[in-house]
Structures are given as C-alpha cells and as structure tokens.
Protein chains: 2
Amino acid sequence: MATPLLKPGPDSASQAVEPTSPVAHFGADEALAMDAGVDLAPWQIAYQTAGTLNEARSNAVLVCHALTGDQHVVNTHPVTGKPGWWDRLVGPGKPVDTDRYFVICANVVGSCMGTTGPASLNPATGRAYGLDFPLVTIRDMVRGQAMLLDRLGIKDLFLCIGGSMGGMQVLQWAASYPERVFAAMPIATGARHSAQNIAFHEVGRQAILADPNWHGGRYLDVGTRPAKGLGVARMGAHITYLSEPALHRKFGRRLQDRDAPTFSFDADFQIESYLRHQGITFVERFDANAYLYLTRAMDYFDLAADHGGVLANAFRGTRTRFCIMSFTSDWLFPTADSRAIVHALNAAAAPVAFVEVESDKGHDAFLLDEPAMISAAKGFIAAAARERGL
Amino acid sequence: MATPLLKPGPDSASQAVEPTSPVAHFGADEALAMDAGVDLAPWQIAYQTAGTLNEARSNAVLVCHALTGDQHVVNTHPVTGKPGWWDRLVGPGKPVDTDRYFVICANVVGSCMGTTGPASLNPATGRAYGLDFPLVTIRDMVRGQAMLLDRLGIKDLFLCIGGSMGGMQVLQWAASYPERVFAAMPIATGARHSAQNIAFHEVGRQAILADPNWHGGRYLDVGTRPAKGLGVARMGAHITYLSEPALHRKFGRRLQDRDAPTFSFDADFQIESYLRHQGITFVERFDANAYLYLTRAMDYFDLAADHGGVLANAFRGTRTRFCIMSFTSDWLFPTADSRAIVHALNAAAAPVAFVEVESDKGHDAFLLDEPAMISAAKGFIAAAARERGL
C-alpha cells in the first residue's frame, strides 16, 4: 500500500503527486521499527539505481545522501533539471564506476523526495503527518535502506559511501550491519554532531517555526508554505557549507551590478545576492518539516553514546575496510572529527585509511571537483574491488 | 530640540519614552553630515561618563561600543540591571582607570539607547523614521562622537578604545581625526568586513525582514515588534561570537534537565536552550531596525577602500600610538585581520604594538575575563599615560 506524497500548491489545498523514482512499498506487516518507539506502516522508500547487479550479487554500492540531498545521485534531477549531485564521483569510468558496480541511492526516511516523511499522508488521519511524524534517527534511515536492499535481493554491499549526513549513515551501516558492508567510505562527517552544529541547526529550525505560514507544522492542510523561514534557514546553513577563504575568493566585497553601495538594504554585495538565491531555489524543492526532521536526526546522532560511550565499541570485530576522508577547510566537520573515527577504528583493529584533502572549499568540497578526493576514492575502491574479486 | 525615542508596547501604539542617560542635543543648524548624503537634524546623542576631566583636559578616554552594546560601559544597565558591559577593563584601578581618566561612552548614531536612530521620531512625518532613516556608516558614528566631544569641550582624546564594531570606530577615529587621538586600541576587529561576516549579517537581516510583524519597518506605527525575526537573527549571530571549543566545553552534547532525548523539537540540548534564551532576552532590549542599520554599517566598513585601496594611506603621518589585539579562537575577526592592520601601520611608520591573546572563548573574549588582555591593556595604557605626562 502506497503512502502518497502531499505537495502544497501556492493557493490550493494539498494534493497527491506521483514520485518520480522507483518506489518500494512496505505494508502493515512490514513496519519500519523506529528509534522513537513507533512502528511506521505503511511506508515507502524511493530510490534510483545505475549499472547492473552481477550474477553473484557482489557488486552493489549504496550511496547515502546528505541533509538536503536525494536519490538523484547520477541522473538528472526531476525538479531542478540539474545533473546528478555526485556525478563527479559516480558514473561510467568514475571511482564508483557504474560500468562495474550496481549503484543504489535511496531517499532517506523523513525526507520529501518520494520516501515517507512528514509531508506524506498519515493513513490514521487522512492528512499529512506534519509533526505527528515520529522523530527520525540516522539508525532509522539505515534500517529503511536495509529493508530496501532485502527487497532488492541484495544481501551485502561491496561499498557504502556518503558525505556529511550521508557519512553518518555509512558509519551507522558499519556499526549496525558490519557483515553486510565490505568497504565503507564516510566523507566529511563525524561520529556525533558538535554543539556548534546543533546550534546552527537550531537557528534554522527556529527560523522555520517563526514563519506564520508554518502553522504549527500543518501548512499542507491550509495550502501555505513557510518559504521565508525555510529560506532563512537555508541561507544560514549554506554559510557553514563553505569556508571564509572560498567566500573571499568567490565574492570578496564585490558589489552586485553596481559601482557603489546603494546605501540601502538591497543586495549590494554579490555574497548577499548569492545567498538570497540559495534560499529561494531551495524552498522550491524542499519541504520545511522534512528539514526540521533531518536536522534533528543529525543532532541526535552520537554513535559512541549508543555503544557505552566508547566509539571503538561500535566497530569491534568488524571486517569492513574503511577509508575516512576530511577536508582542511571544512569547519562543520573538521578533520578532528574524522581523526576521532580513525582512532576508534584503530582501537577496534579495523583496517582503515585516512585521507585529509587540502582544499579551501569548506564542507561542500565533497560535492565539488576535488582531484585529490577523486583519486583517493578511486584508489581505495579499486583496491577493495580487487580484494573482493570484482 | 530633542528627538524623542519611540518604544513599542506589547499591545499599545508607540509612545515616547525618556532616555536614561545624559543627552547632547543638536539643532537644525548643527546637522550631522552623513555619508549617505543626508544632513541629519535635529539629532541627539546619549552618553555616559565616569571619572573626572583634569584641568588640562588631557585625560579623556572614548570607549566605542560594539553592535549591540551601548553607553553603559561601567554603570548598571537601566534595562537589564546588569553591570557595565566592560567593567573588567574600565573602572577604578582597571586598565582604563576611572580614578585617573575621564571616560566617555556614547550610544552610536543609528542605535536605540537614546541616540537618534530608526526608532526615533522623524520630525518631517511625526512618526518613527523606520527605513526612512538614512543608512549609517562607521564614519557617521565617529563624526557624531566628535561633535559630542566638541560639545563637552574636549579637544583630543588620550585614548580611543573599543572591540569589534567598537574597534572599527577606533580605526576610523585614527584615520579621520589623527590629531585628536593620542593612543588607539582597536580590539578583535578588522579594517573591513569579510564576505563571510557580511553573509552572516545578511541572514540575520533576512530573518527580521521575513517577520510579518516587521511591517516593512513600520512596526512602531502599528504597535508590533518583529520579535521572532530579531530573536532568530540574534541566535545566529551569537554562535559567531563564540567558538567551537568554547561551545563544546560549555555545553557539549549535554541535555537540558532530562536524562534522554525527548524525540521532539523541544530544546533537548543545553545549547538550544541557551540560544533561545539569548534570542528572547535580546529582543527585550534592542530595536529590530537599529539592528538592520548597525549590521549594515559594519558591512559597508572598508577603510582601505576609502583611501585609494591602500590601508596604510589611512594612517600616513599619524602620531597616534596603536595597540592591536586579537584572540586566537576569534573566527569572526581572526588574527589575520589584525595582522593586516599591523602591516598597514608598519607601512605608515606608525608606532604599533600587536598582541594575540591565546583564548578559546572566540570573538566575545574581549568582553570576558581574559587576564592576558587585561594585563596587555594595562601595560599599553600606562606607557601611553607616561608619554602623555598623565
């Protein structure tokens, strides 16, 4: 049984729309057991695949997406028309080579691109869930992906890879299902969200909650959207994805289509115009409640806390090969966060490589054209493939 | 002629209130010539003093306040009831010793604590200025302070000192009126606002503009306040005043009065509760439009651009002694910004000392108990006093 997605029109009540990806449906007897103590059913997960599953079913790669990402990792995005968000790393001849591997990328539980989340129809009420949707954790996302793999007949993964919130999922996969992950590559991530990161997320959430069009989370019922609040949240978050040097190089104090400041609150500076654009385009493709839920999932993530306060305990006895990667100018998930993971893996005697990529592009570097990242990923994945006999 | 301040009540129309500080009034023939091309008149400036002006009038110290600061540098704040905001540095026996020096601190033009700003009555309309108030620059603030000193019969300053936006004013003082500044101490500041800093300010402004209670800046006319928008702006800005290590030490991932996360959007984490408190208390004491204006003034600040693109040109021929101070964990005005000022002063052959204080407290360190800051300030100011014959 499907749970249709609800999408608000600018001046109409909510209406059901068809997801633009393959969807796996799970019925009342296939509930997703969530950390919040709720059995979510029915539920569904939207995904994309690329490449071909080999006969031994041994070449599957799961790509885990970040906070505002989705399943469109290599294919053109159905809403924005942009290329796949990680087509630099995934595709024919790329490190995650779709000529060799079968790539799966699924929209996480709680998001809004076809997988069940707060914008989905709550069968108990006939309305969108809104804040009645249970809080989602990174572990819930991973449980959902595991159920999708079961449905697809994939017992284990050759590789699990992702950046930022996607990297959190990779770590959780390695901890929850070590026997199902041959190689793991968590990038630009951490085993827990820092106080500063929680703080930035909280500001974004408060911006959404302050928007009267949010209507206590029931905006789909009344046909509005908290676009201003969500836009402000995105603008603030976007700064944390970049770096001071990158902003200076890209924008500096340059003015926008003018020779002198206007002495007004117009977007005099290019950086202002750029940020406003980021806010405006984001709200066209993302659901505000989903943003609340996914930021909260990241805040709650603390893998050590789930294992007696010792991160190494999350990985004891693992046979998964790890490659941990960070970027020098990433201040959202600084290299120290990656080092903490490496130390824990060392303590657990797990095979681990660590790459710190010199980059001034900040956290978003993992999504960008970073040759050192590409070549390191290529090397790690090729070596793992040889060990796997692929 | 006075320009009364307007203050909104929670459910009443705006009403005039008396400022709680001495106020210097400037009439129609004493306009403030603003960079926006407007002659502001009438206008007024509220200030506080401490200590006694000596007979030679040679012991005056001007303290310049930061973005959300005010004139209450040593005295108890009339709204919050808190001690003076810089009583660690200013007071009897302190580096800025009120037993020896005559200290003046004035609310900047464009602010909301008694000096003319967007919440003041516009004599042309009989309503609050709102966005009809001309854009304010750091130079305008300094011009206003200079007119206050003229009024008080103070020809020159022994010392001009301030942090953050206050430090920008100190730099502007040294550039605009070199002969009036014997010693200058700009702390935790820069000669221009970076792209990242402009970006953070723009997010805060958009949060205010997104609040429907802002009413296009005319909220005083209708008796509302954009409290939610201003609160979100403050929460976001507050993160930038701290540092990741300070947040980690102070809050970490500790929960607020509970043993486990609530799986809700409540303030589970102490950092969330702390930030919400920062937002709520700020809106009780600050005007939203003033926040727009003062953030814009900082964004526009670029001392080199005002001097042919060469910062040293701002200081050529100066006889002012400088002490520049930064803090290792300040990422809003990192040490590199202070070094740029030092290099420019060196190039201008100005006497300059540079102190980088080891601190994990971030930008706000200049307001906190930092023994190294206190002792360095004490040494610099005492040496300058000896040179001045005080």
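This is a predicted model: local features need pLDDT of at least 70, side-chain atom pairs count only at pLDDT 80 or more; totals for chains, interfaces and linings use all residues.

Trainee: In what order do the strands of the open sheet of chain A stand?

Mentor: The sheet in chain A is open, and eight strands form it. Their pairing is mixed. The order is S3-S6-S10-S7-S13-S14-S15-S16.

Trainee: Which strands of chain A stand at the edges of that sheet?

Mentor: An edge strand here has a single partner strand, so one side of it is left without a neighbour in the sheet. From one strand to the next, the twist averages 20°. The strands at the edges in chain A are S3 (23-26) and S16 (352-357).

Trainee: What is the bridge partner of Ala183(A) in S15(A)?

Mentor: Strand S14 (residues 181-187) and strand S15 (residues 321-327) of chain A run parallel. Three bridges join these two strands. In S15(A), the partner of Ala183(A) is Arg321(A).

Trainee: At about what angle does helix H1 of chain A run to S6(A)?

Mentor: Helix H1 (residues 138-152) of chain A lies across S3, S6, S7, S10 and S13 of that chain. Helix H2 (residues 165-176) of chain A lies across S7, S13, S14 and S15, running at about 145° to S13(A). For H1 of chain A, the angle to S6(A) is about 65°.

Trainee: In chain B, which residue of S13(B) is the bridge partner of Leu62(B)?

Mentor: Chain B has an open sheet of eight strands in the order S3-S6-S10-S7-S13-S14-S15-S16, with mixed pairing. Within this sheet, S7 (residues 60-64) and S13 (residues 157-163) of chain B pair in the parallel sense over four bridges. In S13(B), the partner of Leu62(B) is Cys160(B).

Trainee: What rotation superposes chain A on chain B?

Mentor: The shift along the rotation axis is 0.0 Å, and the RMSD is 0.0 Å. That is the relation of a two-fold axis. The rotation is 180°.

Trainee: Why can one say that the copies meet through the same surface?

Mentor: One compares the interface residues of chain A with those of chain B. The copies meet through the same surface because the share of interface residues of chain A that are also interface residues in chain B is 98%.

Trainee: Which helix supplies the largest share of the lining of the largest cavity?

Mentor: There are four cavities of 30 Å³ or more, and the largest has a volume of about 200 Å³. Its lining comprises 17 residues, and among those closest to its centre are Val203(A), Phe200(B) and Val203(B). Helices H3 (195-209) and H5 (227-241) of chain A, and H3 (195-209) and H5 (227-241) of chain B, each supply at least two lining residues. The largest share, five residues, comes from H3(B).

Trainee: How many charged residues has the lining of the largest cavity?

Mentor: The lining of the largest cavity is divided by class.

Trainee: How many charged residues are in the lining of the second largest cavity?

Mentor: The second largest cavity has a volume of about 80 Å³. Its lining includes Asp211(A), Lys228(A) and Asp211(B), and the largest share, three residues, comes from H5(A). By class, seven lining residues are nonpolar and two are polar, while the charged residues number three.

Key: Residues are numbered from 1 along each chain as its sequence is written. Chains are lettered from A and ligands numbered from 1 in the order in which they are written. Side-chain values use heavy atoms; hydrogens and water are left out. Two strands pair if DSSP finds at least two bridges between them. Axes are lines fitted to C-alpha atoms, for helices over the stretch in contact, and angles run from 0 to 180 degrees between N-to-C directions. Contact means heavy atoms within 4.5 Å. Copies are superposed by least squares on the C-alpha atoms of residues with pLDDT of at least 70 in both. On a 1 Å grid over the protein atoms alone, a cavity is a set of points where a 1.4 Å probe fits but cannot get out, and a pocket is an open set with protein on both sides within 12 Å along at least five of seven lines; lining residues have an atom within 4 Å of a point. Grid points are joined across faces, edges and corners, and a volume is the space filled by probe spheres set on the points. Ala, Val, Leu, Ile, Met, Phe, Trp, Tyr, Cys and Pro count as nonpolar, Asp, Glu, Lys and Arg as charged, and the others, Gly among them, as polar.
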